[in-house]
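Please look over the structure below before reading on.

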Amino acid sequence: MCIRDSGATFGSMATAVALKRSLPARWSVLVPAASISVASLVNVPSMRSGELRHGLVVEDARGDALEARSRAAAAFAVGAVTASRILNGCADLVVAPALVGAARARGWRVAHSTNPAVTVPLYASLCFATLALSTPLVCSLVPQRSSLGAPWLDDGVAAELRARDAPPRVFFNKGL
């Protein structure tokens with residue numbers, strides 16, 4: 001196991017234990033979502049630390065690769081990927097318990113103790129439905145091929161664009 005995996009695991013477990021001890025029982029259904037979010041906050045930047053250090057390969061508006069690599073584009077890409085992983089991971093960990101809680105509040109017998117034969121298929125169906133809906137939605141929030149304008153560009157990248165007489169915007173693949 002890598003150090004970055006250990007960091008994500010430790011952060012996730014520490015978050016889960018701390019929240020489980022400090023939150024009221026009715027909010028404990030959100031502990032897995034918070035735990036997964038912390039794991040993503042640690043894991044994605046550490047996996048892509050090389051890009052953050054050295055920058056991403058960027059292209060000009062014509063699609064020609066630039067010699068300079070952009071650390072600003074890497075920071076944007078890592079932030080966008082982290083946010084999308086958190087949103088996608090939390091979709092079924094927040095929506096499914098909320099819907100089951102709402103059903104229970106309306107008198108439906110879906111709690112573990114009253115009708116356990118319904119609970120597992122219900123949660124599995126809700127998780128499948130929320131993931132089927134949320135994955136394309138979250139992926140569409142930030143396109144795979146992203147761009148950054150002049151105010152956000154690194155000095156070397158901006159200088160190379162000026163030398164090429166290209167528009168002050170770079171394009172790059174944000175990754176997954």
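**Strand pairing**

Leu56 stands opposite Ser70 in strand S2. The model is predicted: local features need pLDDT of at least 70 and side-chain atom pairs 80 or more, while totals for chains, interfaces and linings use all residues. Residues are numbered from 1 along each chain as its sequence is written, and side-chain values use heavy atoms, leaving out hydrogens and water.

- Strands S1 (residues 56–59) and S2 (residues 65–70) run antiparallel and are joined by 3 bridges; strands pair if DSSP finds at least two bridges between them.
- Helices (H or I, at least four residues) and strands (E, at least two) are DSSP runs, numbered from the N terminus.
- S1 and S2 form a hairpin with 5 residues between them, and Gly63 in the turn has a positive phi of about 95 degrees.

**Aromatic pair**

- The whole structure holds 1 aromatic pair (ring centres of Phe, Tyr or Trp, the last by its six-membered ring, within 6.5 Å; planes under 30 degrees apart are stacked, over 60 edge-to-face, the rest tilted).
- Phe76 and Phe172 form this edge-to-face pair, at 6.0 Å centre to centre and 85 degrees between the planes.
- Phe76 lies in helix H4 (residues 71–105) and Phe172 in strand S4 (residues 169–173), 96 residues apart.
- Phe172 counts as buried because its relative accessibility is 1%, whereas Phe76, at 34%, counts as partly exposed (buried is under 20% relative accessible area, exposed over 50%, partly exposed in between; 1.4 Å probe, protein chains only).

**Overall build**

- The protein has 6 helices and 4 strands, in the order α-α-α-β-β-α-α-β-α-β.
- Its C-alpha trace spans about 70 × 30 × 25 Å along the principal axes.
- Buried residues make up 32% of the 176 residues.
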